[in-house]
Amino acid sequence: MATSIFFFVLLFTTVLSRTTPDDTSRTKILDVSSSIQKTHNLFSLDSSLNSLKHEENQVSSSLLSFQLHPRVAVQGTSHKDYNSLMLARLERDSARAKSLQTRVDLVVQGIGKSDLKPMETEFREIQAEQIEGPIISGTSQGSGEYFSRIGIGHPPSQVYMVLDTGSDVNWVQCSPCADCYQQADPIFEPASSSTFSPLTCETQQCKSLDVSECRNDTCLYEVSYGDGSYTVGDLVTESITFAGSSSVENVAIGCGHNNEGLFVGAAGLLGLGGGALSFPSQINASSFSYCLVDRDSDSTSTLEFGGAIPPNAVTAPMIKNSKLDTFYYVDLTGISVAGNILSLSPSAFEIADNGDGGVIVDSGTAVTRLKTDVYNTLRDEFVKGTRHLPSTNAVALFDTCYDLKSMKSVEVPTVSFHFSNGNELALPAKNYLIPVDSSNTFCFAFAPSSSSLSIIGNVQQEGTRVRFDLVNSLIGFSSNQC
């Protein structure tokens, strides 16, 4: 009898040692019915520009902010069903994750600015007859990107731009176009702006580019995103107008005459990275934040500059990669499932001396990527806690899926991120078990990666205001603050 009691105590102590000390909820409830209803409602959303522009006028002028929209609210969808839309999103997302890893690979290989060569096809001399070429349609597949409404020039031309924490260079499609994809708004016309000013090759902004070239003492830029997307044109300064009519002058942006890729409807890109040419860096922002609303809705939120992390936010240390200043690395130290800390290598999330590895918070990647061994451990622990749910076939990059037909709600293990300062971010169930069709198939929304770079994607950030405190090197996560 004494032996049995000893064994029980030993077992109980072992379980406690793997449990987060302040765990209050080991499970979350997933509202299956609500999630599925959204997959149906998506196809009846009013994505007209008029309705969205009306909302722009309701923004408070006291904030330095841009209105933020999920792509579907701006562009709608050409897909006939939710499954085809999701498969297209995942395909695009894989290209996005690959492009970020390509950026890191260049750093690891020691390839710097002086080693990068512009592509001949992009930096060809743009002749008059080429400029008169047609505007071509971009890829029509969906993605996890979010748009902001931004005023370019003076008087401001309102356009939709993709926000991207994984990029530094701001750019907009410009007339005349040698090769432009289809966008929701008219192509920006430099001649109509009194604040448009080309930059010369000797300016600091031009020297800050990874790839640049001179033509008649005008600075040409080229940005390639590793997934086949690129933009090429003149680097200029322009005024940028916020939703509340406040504006900033002399912001360096690319005026792209030759653009192609997976931007789908956006006029360009607002770079929110940590490099010198990013928008936050150029306006000397002490912080910025965004809240990514449900991608399957027409809800709106804001991208805001300035402001402090609220007291009730979960904070995490933001760390530097000495080899790469664009990405925002977070000091993630562990992951738990149902309160149990996963047994992982101490180096699982560390940045190596050569710049490889680490964990970034990214607005443009949808699904969180983890190193394969980390992902396998996470998935296996999650599966242990969902044995009561009927499993089904894998879908695209998701290898753990469930058939939740006839279920209105289900209880699933809580998944949490743990940071070096001891804080824990518990994710809502809808941020890691997501529908992939309208027939109640749900998948575990994490994915393995053969690379060393881990990415916390926007599916896991959805519904949370993420604030980057650039002065104090902190990232704050505030749930339900959209």
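How many bridges join E20 to strand E21, and in which sense do the two run? There are 2 bridges, and the strands run antiparallel. Keep in mind as you look around that this is a predicted model. One of the pairs to find here is serine 391, whose bridge partner in E21 is tyrosine 402.

E20 and E21 belong to an open sheet of 4 strands, in the order E20-E21-E26-E25, with antiparallel pairing. At the edges sit strand E20 (391–392) and strand E25 (433–435), each pairing on one side only. Helix H9 packs on this sheet, where it touches E21, E25 and strand E26 (441–444). The direction of H9 makes about 135° with that of E26.

Next, the nonpolar cores. The largest one has 71 residues, and Tyr290 and Phe446 have the most contacts inside it. Here H9 (residues 372–384) turns up again: this helix gives the most to that core, with 4 residues. There's also a second, separate core of 16 residues, including Tyr82 and Val436.

Finally, take a look at strand E2 (residues 65–70). Since 6 of its 6 residues are buried, E2 is largely enclosed by the rest of the structure. In a regular strand, side chains alternate between the two faces of the sheet. In E2, Ser65, Gln67 and His69 point one way, while Phe66, Leu68 and Pro70 point the other way. As for its partners, E2 is joined by 4 bridges to strand E13 (residues 301–305), running antiparallel, and serine 65 has glutamate 304 as its bridge partner there. E2 also pairs with strand E3 (residues 146–152) over 3 bridges, again in the antiparallel sense, with proline 70 partnered by tyrosine 146.

Conventions. Residues numbered from 1 in each chain as written. Predicted model: local features only at pLDDT ≥ 70, side-chain atom pairs only at ≥ 80, totals over all residues. Heavy atoms only, no water. Core = buried A, V, L, I, M, F, W, Y, C linked by side-chain atoms within 4.5 Å. Buried < 20%, exposed > 50% of the residue type's maximum accessible area, 1.4 Å probe, protein only. Pairing = 2+ DSSP bridges. Contact = heavy atoms within 4.5 Å. Axes fitted to C-alpha atoms, helices over the stretch in contact; angles between N-to-C directions.
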